[in-house]
Amino acid sequence: MTEYKSDLLRLLSERGYVHQMTDAHALDALAEKQIVTGYIGFDPTAASLHVGSLVQIMLLRRMQQAGHKPIVLMGGGTGKIGDPSFKDEARKLMTDEIIASNVASIRRIFERFLTFGDGPTDAIMVDNSEWLDKLGYISFLREVGQHFSVNRMLSFDSVKLRLDREQSLSFLEFNYMILQGYDFRELAKRFDCRLQMGGSDQWGNIVNGIELARRMDGKEVFGVTTPLLTTADGQKMGKSLNGAVWLNEDALPAYDFWQYWRNVDDRDVGRFLRLFTDLPLDEIARLEALPGNQINDAKVVLANEVTAMARGREAAQAAQATAAATFAGGGLGADLPTFAVPPGGITITDALVGIGFAASRGEAKRLIAGGGARLDGESVSDDTQLVNLSSGEVRISAGKKKHGILKPA
């Protein structure tokens, strides 16, 4: 591992955030002698970010912890186009109203991870619509477009992937990387922003911005990318059997969020503790070395720490208590997902679909046929069995890890 002099690069390197870096020596020297302002862009394509964005959010948090200034750049402008990077098809275009609503909703999660304010290392949130919406097309082409080579842009992996698959790449999307490069230049001018960070799929876009700032303003800026983050079984971070693992409370219950981390692969525990928690490295080394089933204790710590950061300590404690009541005591944890059963009852098949444990009745029937469905711990083999709650609440389970409560409507 490279020995860095600055607290910033040492912290990022030790915890496993660094994949590629432009001029690491110069960035290290800059971060050692002054406060560095750095940014990451987030397009508001939904009302909440999901776990796949958490590495980038933590990068901004690490910047602030190391005494530097993070900028959260919301893509109110670029979000109207959509980043084609490693996408199979174009994003659906959103209205200005939807984008504004998504930006307001997403801001809430950043306020849990960063300290915002007017101080030298306080985070700020900026929307690139402030400058992109005001661009004149002809002047932009003359002043900025001349600095971009189409030949080079076609060589970037994010573009080549679409073209190699013979999938449509619109001119609208092709402009995205020009606008992102312009964002970096604009932030460098407005806030003396010297660093852009992002996932490894953003390397080409980041390099574009670095070159644009150098050519137009003679300014030296830098880029850092993180490794592509997948789970030990090769899955992309942020997805679960039930869909995206959303960060906002109103998009995913705290218990489900906690369970996502509690159920990670044993091989991922140490890496995730370094990336997603503030625990000291020596404590993480102790936890990831726990033998046998004791690694589950480390997973509980991981789930508690990430949930506390994203949802608050009380939410983490409630989720752990629910898990303990559900798994250890066989009780009905108060934080479990619920579904209201109408008078007269419904079939177990419809109950599994209603509570979200199966995406369709067919999937529910296959789950039942495979012995994966249970009511109050008892296996159910008949997919037409009626669930009638005349005697009160019952626990419904799908497999070993998904539990919920059926309540009378």
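**Exercise 1.** Which residues form a nonpolar patch on the surface, and about how much accessible area do they have together?

*Solution.* First, the ground rules: this is a predicted model, where local features need pLDDT of at least 70, side-chain atom pairs count only at pLDDT 80 or more, and totals for chains, interfaces and linings use all residues. Residues are numbered from 1 along each chain as its sequence is written, and side-chain values use heavy atoms, with hydrogens and water left out.

Now the patch: it's Tyr-137, Ile-138 and Leu-141, with about 320 Å² together (Shrake-Rupley, 1.4 Å probe). Patch members have over 30% relative accessible area and no salt bridge, with like charges joined within 9 Å and nonpolar side chains within 5 Å; a salt bridge is a Lys or Arg side-chain nitrogen within 4 Å of an Asp or Glu carboxyl oxygen. Tyr-137 sits in helix H6, residues 137-143 (helices are DSSP runs of at least four residues, strands at least two).

**Exercise 2.** How do H12 and H15 pack?

*Solution.* Take the angle, about 140°, and the axis separation, 8 Å. H12 and H15 are therefore oblique to each other (under 35 degrees is roughly parallel, over 145 roughly antiparallel, 65 to 115 roughly perpendicular, the rest oblique).

Conventions. Axes are lines fitted to C-alpha atoms, for helices over the stretch in contact, and angles run from 0 to 180 degrees between N-to-C directions.
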